[in-house]
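Subject: Structure handover and what was found

Hello,

Here is the structure we spoke about, with the sequence. My notes on what turned up in it follow below.

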Amino acid sequence: MTSLVLDAPASLSAERLATAVETVTRRYEVLRTALVPSPVGGPPTQRVHTEPLPESTGNAARSWTAALHADGRLEITASAQILDAEGLVLLADEVVRELESDSVAANAVEAGPDQGEPLQYADIAEWLHEVLADPDAAGARAHQEAAHGGFDESGDAVARVRSLAPELRPAVDGAASGVARTVTHPGEDAEALLLAAWMVVLHRFSGVSALAVRVRTGLREVPPLKEALGPLSSWPALRHEFDAQQSLAHVVAAVHAARAAQRENVELISDRSAVTGPLAFTYLEVPERVGSLPVVSLSARGSGPGLRLLAARRGDRVELRIDGVHADALGVDVTGRLLDALAAVVEQASEKRGTPVGRVGLGTAAGTLTAPATPTAAKWRDATVADLVARSAARTPDATAVRCGSRQMSFRQLLTAADRLAARLGAGPEDAVAVLVPDPVARLTAQVAVLRAGAAYLVVDTDDPAERISALLEDASVRVCVATTATAPLLGGDHDVVLVAHDGTVDGQEDGDTGFGACPATPDNLAYLLFTSGSTGRPKPVAVTHRNVVNYLAWLADTGLISVDTVLPATAAPVFDASLKQLWGPLALGGTVVLPPAGERPAETLAAALASTRSDVAVTTVNTVPRLWDETLRTLEGADSGSGPRERPLDVLLGGEALTTDLVERTRRILPGARLWNLYGPSETTANVTAGIVTGLDRVSLGAPVGATTLHVLDEAMAPVPTGVIGELYVGGAGVARGYAGRGGLTAERFVPDPFSGTKGARLYRTGDLVRIGPHGLPEFCGRADGQLKLRGYRVEPGEVEAVLLRHRAVAATVVDARDDRLVAWVVPSPDGPPTVAELREHCGSALPAYLVPTVFVSLERVPLTAHGKTDRRALPDPADKRLELGGEFTAPRTPVETVVAEIWRTVLGVARVGAHDTFFALGGDSIRAMHVVARVRELMSAEIPLQELLTAPTVADQARLLLKHDKDGSVRDFAEVFAALDDPDDATRAAASTDATEE
């Protein structure tokens, strides 16, 4: 609804106004048009009446009104379905001219002879239909789509902005539209500048780089329509893709050029007459007078788009308001912050157009999030990790330090074995000692030994390819290695190797001889090295000190997450920093480390521990990544366990990837009473920098900072951003690691001086994570500033995988990204190609750990590029469409049971065809999808296949044999026979469902 308010003369009467209104109404058909709703829910019908319509409500009511108020003001309002803002001004002008005529009565029935027949909207509509049918119009629309197509208009930006409100609550009508800001005249091309500012604010608050905004465009740009009445507005999309280095001047210029092109061809793209996108913009020029009457206000209230900025310019000032169906849900505070940001951008775009978009100030900055050091951290400030373990051993030497299945070690036994090994290492402070020991107990003993010697440990996954192991040891300048007779051959001949037995004892050493004294390390010496994926193709060695680790352990102790009686299964691989709390937390406080037996899958370990009825080993705490926790919950659901009463609340610590509200809900349903924690932190900041108990289902924050930690959300100029604005998270404090060992340049790039700290030498770590401070004052994760991925808790740099793929002779170019929780490689074959999946998997497996080997390989003709010459990841084809051939001869399923298995795989994995000898993991399977296979088998054939057994049967033929092995009642054979007899596999599924329903 659009409204125009005028100052009326005191002499104006309601009767005179009514006469003028009737005169103008008779003159224009559009003012006598009613919209009649369709009785079957279709579009309404336009009905033109011969007489002016009444103002009363109903289907035949008039769609515009003119009212004289008691304060002497004349208000004219009209529905957007019959008049846009400019049309309303033209209508008001007609009414005022009638009021100012000396002979209103004479003109009441018909127009004067000199006025001519006015242009009717029906004639305009007919002309527009003819124009739109012209081939030139089709070409113009195609050009419009080419120039502004391909961007996501799903409403992500609206959802992100709307979530700035404290909670999703019912909207208060008019709350947002009542908030306004006024800016001074922003220059000659006010519309382009204001629209550009709106898009910058949406980009910075939502994090969406490719934005599309529907812009109201008047058809009165066409000269013959300049004075026409009617709904002569179209809403073409104006799309813009933001780049981090774009200046405000660039954005304004791009918007100006796009708007000029749209106005030049406005009649050719006028079929876009409705606001179909979630974001919109309206710019109004408010006249000072209509006829002789001063204008008080011109406003347009809308409810069509999700969010619309209404900019009404009058003279040298512009009033800004936000409306739309989602606007009122924002509330006054969020709406005010958005408008404040808009005003700030407009000012900078007028005076400092060279400012990069990422450095534009958006209002009052949010404060730094900080947490002081905990009391235990102060008490432990001079201790090393080795000191803490030794103190626990001195307090309770006979207490159980380690339990792994039926094996146990007391603190006395652990330190005795570790000291014997430490005496043999020949290593000390700042030396890196590699540990290549598969057995969990022997490996932990070796880690303790390295720390007792004062050195830093580097745990190496013995399943990694030999090429990668060699590269890691060289990068870390490793001289001494602890290995077994089975893993020693992986090391080559350039290292001092200390061999340990399966139980961690050192070959050739007397039982009573330790030969080792006090730990020589200081808190500022290295405690461990840990490699993370590297964007340049080279893994990065993170160097973490004892002071870093001890501060973290002290925070765990003071929050109660780890205590002497904590039972926390150590399911994290020791090559990841999640193992810190699981290993050193219990040992530092005199508790017990619970190690899973070698080869046991983490989800099975957790599910078995949670379902255990033994009171002496009852789990008090679990710590894993959301992906594995989802798998654990599925295992518990299948076993119908995990919901029994507990002596103390179960703490569930999840981190490493985004936590979804669905997983929160399922946890509460399956494990009622559990306290669910969300933990966040990169390896470079010692495991975790934030933590918090998840209290609601609508949003999950990263939590509050841990002890002795500061958090800053900064823009590209390292300036703090306001609440709700997305920026990069910088972390300071006691957890910030030393840097990357041997990588001075990379360390300087990511570990930067802290400009907010008064401590000499203080640094901030640039996480690369995009966050915003949410409505409750806590950071919320919004994505990455680079291409880094998180898959199943693993940190993946696509560049590392791409570098390995490009070394294959049959690969000319490649792009690696994540789709549906799987690592996918799009490959452009070289003239020697195309390669097969088997070849590429073998090639990647020879240089990368298993979690970095893509599960799906897709053929690509060329790498799609954006207008800026960067890889356009949105344009990559669906992985299901053009998969590379597996390699080898295809063998179709040969038996009814193999046919069933192949069909289950096809639906679970989303592949076109599956052969009898195809392998589950080569087709993109993983443990989660294997659980889906188990569930599907249970649903269709009432057969229960243990997941571990299914994973040992890699091919369709193998799983078919496994199904027959577990076919106790013949249900597998019966279903397979029915399935094979039907042409359409979906028919078999429906038949099975029908059979199940009948039996029930």
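Is Trp584 buried or exposed? Trp584 has a relative accessible area of 2%, and because the limit for buried is under 20%, Trp584 counts as buried. Please keep in mind throughout that this is a predicted model.

After H15 comes Gly590, which has a positive phi near 85 degrees.

The count of aromatic pairs in the model comes to 10. One of them joins Tyr457 and Trp584: the ring centres are 6.1 Å apart and the planes are at 40 degrees, so this pair is tilted. Tyr457 sits in strand S20 (residues 456–459) and Trp584 in helix H15, so the pair links distant parts of the chain, 127 residues apart. Tyr457 is also buried, at 4% relative accessibility. Together with Tyr528, Tyr457 and Trp584 make up one aromatic cluster.

Another aromatic pair is formed by Tyr552 and Trp555, and this one is stacked, with 6.1 Å from centre to centre and 20 degrees between the planes. Both residues are in helix H14 (residues 546–559); being three residues apart there, they are separated by about one helical turn. Tyr552 and Trp555 are both buried.

**Cavities**

How many cavities of 30 Å³ or more does a search of the whole structure find? The search finds five.

The largest cavity has a volume of about 60 Å³. Its lining includes Ala366, Gly367, Thr368 and Leu369, along with Leu711, His712 and Val713, and also Pro720, Val721 and Ile773. Strand S32 (residues 709–714) gives the most to this lining, with three residues. By type, the lining of the largest cavity has seven nonpolar residues, three polar and no charged.

The second largest cavity has a volume of about 50 Å³. Among the residues that line it are Val901, Ile904, Trp905, Val933, Val937 and Gln959. Helix H22 (896–909), helix H23 (927–941) and helix H25 (956–965) each supply at least two residues of this lining. Here the division is nine nonpolar, one polar and no charged.

**Cysteines**

The count of disulfides comes to zero. As for individual cysteines, Cys782 is buried, with a relative accessible area of 12%, and Cys844 is buried at 0% relative accessibility.

Which residues other than glycine have a positive phi? Two to look at are Glu430, with a phi of about 75 degrees, and Ser477, with a phi of about 55 degrees. Most residues other than glycine have a negative phi. Glu430 is in the loop between helix H11 (411–425) and strand S19 (432–436), and at 36% relative accessibility it counts as partly exposed. Ser477 is in the loop between helix H13 (466–475) and strand S21 (480–483). Ser477 is exposed, with a relative accessible area of 61%.

Asp439 is buried, with a relative accessible area of 8%. What does the side chain of Asp439 make a polar contact with? The partner is the side chain of Arg407, at 2.9 Å. A polar atom of the Asp439 side chain also lies 2.9 Å from the backbone nitrogen of Ala442.

Regards

Key. Residues numbered from 1 in each chain as written. Predicted model: local features only at pLDDT ≥ 70, side-chain atom pairs only at ≥ 80, totals over all residues. Heavy atoms only, no water. Helix = DSSP H or I, 4+ residues; strand = E, 2+ residues; numbered from the N terminus. 1 Å grid on protein atoms, 1.4 Å probe; cavity = no way out; pocket = protein on both sides within 12 Å on 5 of 7 lines; lining within 4 Å. Points joined across faces, edges and corners; volume = space filled by probe spheres on them. Nonpolar A, V, L, I, M, F, W, Y, C, P; charged D, E, K, R; others polar. Disulfide = S-S within 2.5 Å. Buried < 20%, exposed > 50% of the residue type's maximum accessible area, 1.4 Å probe, protein only. Phe/Tyr/Trp six-rings, centres within 6.5 Å; stacked < 30°, edge-to-face > 60°. Polar contact = N/O pair within 3.5 Å; in protein donor to acceptor, adjacent residues only side chain to side chain.
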